Amino acid sequence: MRYYFQQMMFQKALNLQLGVDVFYNTDFYAQAYNPATRGFYLQDKKLIGNYPLINVFVCGEIRHAVIFASYEHLNQDWVASKGYYSTPGNPLPLTTFRLGI
(Lines give C-alpha, C1' and ligand atoms only; values in the text may rest on other atoms or scores of the structure.)
Protein backbone atom coordinates (compact mmCIF):
# COMPACT_ATOMS: atom_id res chain seq x y z
CA MET A 1 0.00 0.00 0.00
CA ARG A 2 1.15 3.49 -0.70
CA TYR A 3 -0.22 6.44 1.21
CA TYR A 4 0.91 9.92 0.33
CA PHE A 5 0.02 13.58 0.54
CA GLN A 6 0.31 15.52 -2.72
CA GLN A 7 0.35 19.33 -2.99
CA MET A 8 1.18 21.85 -5.68
CA MET A 9 3.57 24.49 -4.29
CA PHE A 10 5.35 27.69 -5.35
CA GLN A 11 2.62 28.95 -7.68
CA LYS A 12 2.12 25.44 -9.13
CA ALA A 13 5.78 25.12 -10.15
CA LEU A 14 6.43 22.15 -7.83
CA ASN A 15 4.29 19.04 -7.44
CA LEU A 16 5.32 17.61 -4.04
CA GLN A 17 4.51 14.16 -2.63
CA LEU A 18 5.23 13.02 0.95
CA GLY A 19 4.34 9.47 1.77
CA VAL A 20 4.92 5.97 3.01
CA ASP A 21 4.97 2.54 1.34
CA VAL A 22 3.95 -0.44 3.45
CA PHE A 23 4.40 -4.01 2.26
CA TYR A 24 3.49 -6.99 4.40
CA ASN A 25 4.63 -10.48 3.51
CA THR A 26 2.95 -13.42 5.28
CA ASP A 27 5.11 -16.43 6.06
CA PHE A 28 5.48 -19.02 3.31
CA TYR A 29 7.88 -21.60 1.93
CA ALA A 30 9.76 -19.64 -0.71
CA GLN A 31 11.71 -21.29 -3.48
CA ALA A 32 15.39 -21.74 -2.65
CA TYR A 33 18.22 -20.89 -5.04
CA ASN A 34 20.98 -23.26 -6.11
CA PRO A 35 23.96 -21.31 -7.52
CA ALA A 36 25.52 -24.42 -9.09
CA THR A 37 22.55 -24.91 -11.41
CA ARG A 38 21.61 -21.20 -11.48
CA GLY A 39 18.04 -22.13 -10.70
CA PHE A 40 15.36 -22.15 -8.06
CA TYR A 41 13.88 -25.28 -6.54
CA LEU A 42 10.98 -26.07 -4.22
CA GLN A 43 11.77 -26.44 -0.52
CA ASP A 44 9.61 -27.11 2.54
CA LYS A 45 12.03 -26.70 5.45
CA LYS A 46 12.37 -22.96 6.03
CA LEU A 47 9.54 -20.45 6.33
CA ILE A 48 10.28 -16.85 5.41
CA GLY A 49 8.17 -13.73 5.72
CA ASN A 50 5.69 -12.59 8.38
CA TYR A 51 7.09 -9.07 8.64
CA PRO A 52 6.27 -5.63 7.20
CA LEU A 53 8.58 -3.47 5.09
CA ILE A 54 8.11 0.27 5.57
CA ASN A 55 9.56 2.92 3.24
CA VAL A 56 9.12 6.69 3.59
CA PHE A 57 9.63 9.03 0.66
CA VAL A 58 9.46 12.59 -0.63
CA CYS A 59 9.18 13.27 -4.33
CA GLY A 60 9.05 16.57 -6.21
CA GLU A 61 8.39 17.26 -9.87
CA ILE A 62 9.60 20.54 -11.38
CA ARG A 63 8.65 20.81 -15.04
CA HIS A 64 10.09 17.58 -16.49
CA ALA A 65 12.56 16.81 -13.70
CA VAL A 66 11.68 14.49 -10.82
CA ILE A 67 13.69 14.74 -7.60
CA PHE A 68 13.22 12.11 -4.91
CA ALA A 69 14.54 10.95 -1.57
CA SER A 70 13.50 7.73 0.13
CA TYR A 71 14.44 5.86 3.27
CA GLU A 72 13.85 2.16 2.60
CA HIS A 73 13.26 -0.59 5.15
CA LEU A 74 12.73 1.91 7.95
CA ASN A 75 11.55 -0.75 10.39
CA GLN A 76 14.52 -3.13 10.09
CA ASP A 77 15.60 -3.05 13.75
CA TRP A 78 12.28 -2.25 15.44
CA VAL A 79 11.59 -5.77 16.66
CA ALA A 80 13.75 -8.81 17.21
CA SER A 81 13.45 -11.06 14.19
CA LYS A 82 15.17 -13.97 12.52
CA GLY A 83 16.05 -11.76 9.57
CA TYR A 84 14.45 -10.42 6.45
CA TYR A 85 14.80 -12.77 3.49
CA SER A 86 13.52 -12.84 -0.09
CA THR A 87 14.50 -16.51 -0.49
CA PRO A 88 16.13 -18.82 2.07
CA GLY A 89 19.76 -17.74 2.44
CA ASN A 90 19.34 -14.47 0.48
CA PRO A 91 18.60 -11.47 2.72
CA LEU A 92 16.68 -8.40 1.65
CA PRO A 93 18.64 -5.14 1.33
CA LEU A 94 19.41 -3.38 4.59
CA THR A 95 18.09 0.04 5.57
CA THR A 96 18.99 2.39 2.71
CA PHE A 97 18.72 6.08 1.94
CA ARG A 98 18.27 6.88 -1.77
CA LEU A 99 18.46 10.25 -3.42
CA GLY A 100 18.02 10.88 -7.11
CA ILE A 101 17.04 13.10 -10.02
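Trainee: I want to start with strand pairing. Over how many bridges do β5 and β6 pair, and in which sense?

Mentor: Strand β6 covers residues 65-72, and β5 pairs with it in the antiparallel sense over 7 bridges. Keep in mind throughout that this is a predicted model. To read a pairing, go to single residues. Phe57 has Ser70 in β6 as its bridge partner, and Gly60 stands opposite Ile67 in β6.

Trainee: What lies between the two strands of that hairpin?

Mentor: The hairpin of β5 and β6 has 2 residues between the strands, and Arg63 there takes a positive phi near 55°.

Trainee: Which residues other than glycine have a positive phi elsewhere?

Mentor: The general idea comes before the cases. Most residues other than glycine have a negative phi. Here, Lys12 has a positive phi of about 65°, and His73 has one near 60°. Lys12 lies in the loop between β1 (2-9) and β2, while His73 lies in the loop between β6 and β7 (85-87).

Trainee: Is Lys12 buried or exposed, and what about His73?

Mentor: Read relative accessibility against two cut-offs: under 20% is buried and over 50% is exposed. Lys12 counts as exposed because its relative accessibility is 67%. His73 has a relative accessible area of 4%, so His73 is buried.

Trainee: Which other residue lies in the loop between β6 and β7, and what does its side chain reach?

Mentor: Asn75 lies in that loop between β6 and β7. The Asn75 side chain reaches the backbone oxygen of Pro52 at 2.7 Å. With a relative accessible area of 4%, Asn75 is buried.

Trainee: Back to the strands. Which strand does β2 join by 12 bridges?

Mentor: Strand β2 (residues 14-25) is joined to strand β5 (residues 51-62) by 12 bridges, and the two run antiparallel. As a reference point, Leu18 has Val58 in β5 as its bridge partner.

Trainee: What is the order of strands in the open sheet?

Mentor: Its 5 strands come in the order β1-β2-β5-β6-β9, with antiparallel pairing. β1 and β9 (96-100) stand at the edges; each has a single partner strand, so one side of each is left without a neighbour in the sheet. From one strand to the next, the twist averages 10°.

Trainee: How many bridges pair β6 and β9?

Mentor: β6 and β9 pair over 5 bridges, in the antiparallel sense. Tyr71 stands opposite Phe97 in β9, and Ala69 stands opposite Leu99 in β9.

Trainee: Which residues make the nonpolar surface patch?

Mentor: Val56, Tyr71, Phe97 and Leu99 make a patch of about 400 Å². Take Leu99, which lies in strand β9. Leu99 counts as exposed because its relative accessibility is 64%.

Trainee: Now charges. How many salt bridges does the count come to?

Mentor: Again, the general idea first. Side chains of opposite charge can pair when their charged atoms come close. In this model the count comes to 3 salt bridges.

Trainee: Which residue forms a salt bridge with Arg2?

Mentor: Asp21 does, and the closest N and O atoms of the pair are 2.9 Å apart. This pair links distant parts of the chain, with Asp21 in strand β2 and Arg2 in strand β1, 19 residues apart. Asp21 is buried because its relative accessible area is 18%, whereas Arg2, at 48%, is partly exposed.

Trainee: What is the N to O distance between Arg98 and Glu72?

Mentor: The side chains of Arg98 and Glu72 meet in a salt bridge at 2.9 Å, N to O. Arg98 in strand β9 and Glu72 in strand β6 are 26 residues apart, so this pair too links distant parts of the chain. Arg98 is partly exposed at a relative accessible area of 41%, and Glu72 counts as partly exposed at 23%.

Trainee: What is that distance for Lys45 and Asp44, and are they buried or exposed?

Mentor: Their side chains meet in a salt bridge at 4.0 Å, N to O. Lys45 and Asp44 are both exposed.

Definitions and conventions
Residues numbered from 1 in each chain as written. Predicted model: local features only at pLDDT ≥ 70, side-chain atom pairs only at ≥ 80, totals over all residues. Heavy atoms only, no water. Pairing = 2+ DSSP bridges. Helix = DSSP H or I, 4+ residues; strand = E, 2+ residues; numbered from the N terminus. Buried < 20%, exposed > 50% of the residue type's maximum accessible area, 1.4 Å probe, protein only. Axes fitted to C-alpha atoms, helices over the stretch in contact; angles between N-to-C directions. Patch = residues over 30% accessible without salt bridge, like charges linked within 9 Å, V, L, I, M, F, W, Y side chains within 5 Å. Areas by Shrake-Rupley, 256 points an atom, 1.4 Å probe, with all protein chains shown as cover. Polar contact = N/O pair within 3.5 Å; in protein donor to acceptor, adjacent residues only side chain to side chain.
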